Amino acid sequence: MRVEHADVVVVGGGAAGLSAALAAVESFAAAARDDAVVALVSKVYPMRSHTVAAEGGAAGVVPGGVDTADQHVADTMRGGAGLSHEDAVRFVVDRAPAELARLERLGMPWSRAEDGRPQVRRFGGMTNPRTWFAADKTGFHLLHTLFQTSLRETSIHRLDEHVALDLLLADDGAARGVVLHDQQRGEVVVVLAPAVVLATGGYARAWATSTNAGIVTGDGLSMALRARLPLRDLEMVQVHPTCLPGSGILITEAARGEGGVLLDAAGERYLADYGLGPVTPVGAPEARRMELGPRDQLSQAFWHADRDGRTIPTRDGGVVHLDLRHLGKAFLDERLPLVAGLARRFAGVDPVTEPIPVRPAAHYTMGGIVATPSGQVVDAAGEPVPGLFAAGECASTGLHGANRLGSNSLVETLVGGRAAGSLAADALRRSSASRPTAPDLVDQARGLADRWLAMRGRGTEPPAAIRRELGAVLDAEVGIFRDGDGLARAAATLDDLHERYQDVRVADTADVFNSDWTQALELGAMLTVARGVVAAAAARTESRGAHQRLDHPHTDDVARHSLVTTDARGAVSVRLRPVHAAVARAQGDA
C-alpha cells in the first residue's frame, strides 16, 4: 500500500474537479505557499470525463444586453419548483459571467456574434437567450481548456486511472483523505490530506436508457452514504426529451433552441395538446413555449403522446421526430455540426433532408451530497463536515431544485468548482491543520481497501444479470411518471439485487487494469444510490418538478427536501425537511 500526502485532494477529473484544483492552486499561490500539493484523482484520463459530452452551452448573462441577473435567478427558481435556494442560485448567477469570461482568457473558443460579443442561444425554461456556446461541442472545448491549463501547474499532482474506494474520516468526523486503487500499477494508494473535494459527477448511468457515459455511476455519493452523510433529493432525476433511441445519445436542447420542432407520427406538432402551447411559428422559437418549455414538461408530453398512440413504433419503443430540415445545411454545419454527425452515424438519417427520431432518456441528477453554495459539505444535522467539500453534479447546493434548466450545469461546474477549491485551500490556511500522518488512518485505509479487494476471484452471481435488472426496473418504475405500486416493486427488486450483489462474481484476480473488478465496484455504487432514489421517491407523496406521481398529482403547499441516509447494515432511511430550514442554515455562506 502506497501512502501519499497532499494539502488538498480533489476526486474527479471533469470540469468541476479541474476548476477546484486550479482554484486551490491559485489560493495557495496567493498565500505564497509554493510547497503546496493538490492531488487530482480521476478514474479515467481527465479528457475522457463526462464533461466532454456536454453539447449545448453554459448559462450566463452577457453584460450590456437585455438580459439581467435577476431574470436568470427568477427563471432558475421557477424551474426548481420550490426546491431551489435563492442564495445558492444567486451565488452561481452572479459569478457566471466572470467565470465564462475567465475561461475565454484561458483559451475557450466561444462562438461570436457579429459585434464581437459572445453569441448566446435560447434554452428551455429561460426568458432570454443566455447560453454561451462553442457550436454544439461546448463541453469538449471547455474540458480541453481547463485540462490544458492544469498541465502548466506543477503543484497539481495527477492520479489518473485511480479508482476511489472510500473516504478516510478521523474520529471527530473530519475528512482526512481518500483510499484509491491505482489501476496502472495494481496497488492500493492512500492519499492523506486535511481537505477533500468530491467532484465525482452524478448517477444517471444506473438507468438502462441514459445519456450518461459508463463512468457516471454515483461513486462519490455512494462513498458519502457509507460515511453516514445524507444525500438530498435523490428522486429528482431529469429525463431529457430528445435522445436517440437504443443508444440514449443526447441530441442537445440547442437543436430546439435554434428552431428545431418536434413532430408526432402524423407529422403534427403535438406539444400544444399537452400544455406547452400556444403553437409558435416554425423556426422562430419563443421562450417557455412549445419546444422551449422546461425539459420535464417536454418529457411528460412525450409520455402522454406515446400512450395516446401518437408516437412511431420502433424496436426501442415509441419515438417522435425532431425536425431541423427548415434550418438548412449551412446553418446546421455552422451551429449544430455534432448533432448532424450523430444523427448520420447513429440514427442513419441526414438532418438536412430527414427528421431525427428521438425519445426521452435519463440525463441529469439534481440530487446529491448536501453542501452550502460554496461547497462546504454538511451532515444530517446541518453542521459542516470539517475538511470535506463537494462541487458539480455530485453536490446538492440548492441551485437546481426539482428540475435543472439546461446550460445551468456547465456553469455550475465552473463556479461551484472554483468556490469549493478556494474554500478548501482557504479553510486549510486559516486553520492550524497540517497534512495528517496518524497511523490509525493508514490502518483504517488498509481495512477499507481489503474489503473491496476481497471481492476478486469470488462470488457466484453474474454481475451482468444484476446490471440488466437494475437498469430495467429503474426504466420501468422510476422514470417520467411514478406511482406507489411501481415504487414498491422497484424497492423489492433492488433489495433482492442488493442481497445478490453480496455474492457478486468477480472472476478476474489481476491487480492491473482489472475491469471485471472495477465494474463490479461501480455496480455496487449504482445499487446503493438507486435504493436511496426509490426510497426517497416513495416518501415524496406529491408531484414536483422531475418527480411526478400518478397517484399523487398534487403539489404540497410546503416544499420539502428528502434526506436519505444508511446505517451500518446498509438499511435506507428517508426524512423530509422543509426547504426554509435548509436555507436558514446556509445563510451567510455565500
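**Entry 1: Tyr 45 and its ring partner**

I started with Tyr 45, which is partly exposed at a relative accessible area of 39%. This is a predicted model, so I kept an eye on confidence throughout. Which ring pairs with Tyr 45? I searched for aromatic pairs and counted four. In one of them, the rings of Tyr 45 and Phe 147 have their centres 5.3 Å apart. Their planes stand at 80 degrees, and over 60 counts as edge-to-face, so I logged the pair as edge-to-face. I then placed both residues. Tyr 45 lies in the loop between β3 (38-42) and β4 (58-59), and Phe 147 lies in helix α4 (residues 138-150). Is Phe 147 buried or exposed? I found 6% relative accessibility, so Phe 147 counts as buried.

**Entry 2: Two tryptophans**

Next I looked at Trp 110 and Trp 132. Their ring centres are 5.5 Å apart and their planes are at 75 degrees, so this pair is edge-to-face. Trp 110 sits in the loop between α3 (86-105) and β5 (120-121). Trp 132 belongs to strand β6 (residues 131-132).

**Entry 3: Charges over rings**

Which residue's ring lies under the charged end of Arg 121? I found the ring of Phe 133, with the charged end 3.7 Å from its centre. I noted another case at Arg 404. Arg 404 lies over the face of Tyr 364, at 4.1 Å from the ring centre.

**Entry 4: Arg 418**

I looked up Arg 418 in helix α10. Its relative accessibility is 16%; the cut-off for buried is under 20%, so Arg 418 counts as buried. What does its side chain meet? I found a polar contact of 3.1 Å between the side chains of Arg 418 and Glu 26. I then listed contacts, leaving aside neighbours within four places in sequence. Among them are Ser 19, Ala 20, Ala 23 and Glu 26. Glu 99, Arg 102 and Thr 413 are also in contact with Arg 418.

**Entry 5: Gln 548**

Where is Gln 548? I traced it to the loop between α14 (515-539) and β21 (560-566). Gln 548 is buried, with a relative accessible area of 15%. A polar atom of its side chain lies 3.0 Å from the backbone oxygen of Gly 545. Not counting residues up to four places away in sequence, Gln 548 touches Gln 300, Ile 480, Phe 481, Arg 482 and Ser 543.

Most residues other than glycine have a negative phi, and most peptide bonds are trans. I went looking for exceptions. Which peptide bond is cis? I found the one from Gly 277 to Pro 278, with omega near 5 degrees. Pro 278 is in the loop between β14 (261-263) and α7 (295-307).

Met 290 also lies in the loop between β14 and α7. Its phi is positive, near 50 degrees, and Met 290 is not a glycine. I read 0% relative accessibility there, so Met 290 counts as buried.

Ser 407 gave me another positive phi, near 80 degrees. I placed Ser 407 in the loop between β20 (395-396) and α10 (408-430). Ser 407 counts as buried, at 3% relative accessibility.

**Entry 6: Cysteines**

How many disulfides does the whole structure hold? I searched and found zero. Cys 243 has 1% relative accessibility and counts as buried. Cys 394 has 0% and counts as buried too.

**Entry 7: Confidence check**

I ended with pLDDT. The protein chain averages 92, and 97% of the residues score at least 70. Where is confidence lowest? I found it in helix α15 (residues 579-586), at a mean of 59. Confidence is highest in strand β11 (residues 196-198), at 98. I also marked residues 584-590, where pLDDT stays under 50. The model has 11 contacts beyond four places in sequence for that stretch.

Note on methods. Residues are numbered from 1 along each chain as its sequence is written. Side-chain values use heavy atoms; hydrogens and water are left out. Helices (H or I, at least four residues) and strands (E, at least two) are DSSP runs, numbered from the N terminus. Buried means under 20% relative accessible area, exposed over 50%, partly exposed in between (1.4 Å probe, protein chains only). pLDDT is the predictor's confidence in each residue, from 0 to 100. Contact means heavy atoms within 4.5 Å. A disulfide is a pair of cysteine sulfur atoms within 2.5 Å. Rings of Phe, Tyr and Trp (its six-membered ring) pair if their centres lie within 6.5 Å; planes under 30 degrees apart count as stacked, over 60 as edge-to-face and the rest as tilted. A charge sits over a ring if NZ of Lys or CZ of Arg is within 6 Å of the ring centre and within 35 degrees of the ring normal. A polar contact is a pair of N or O atoms within 3.5 Å; within protein, one must be able to donate a hydrogen and the other to accept it, and residues adjacent in sequence count only if both atoms are side-chain atoms.
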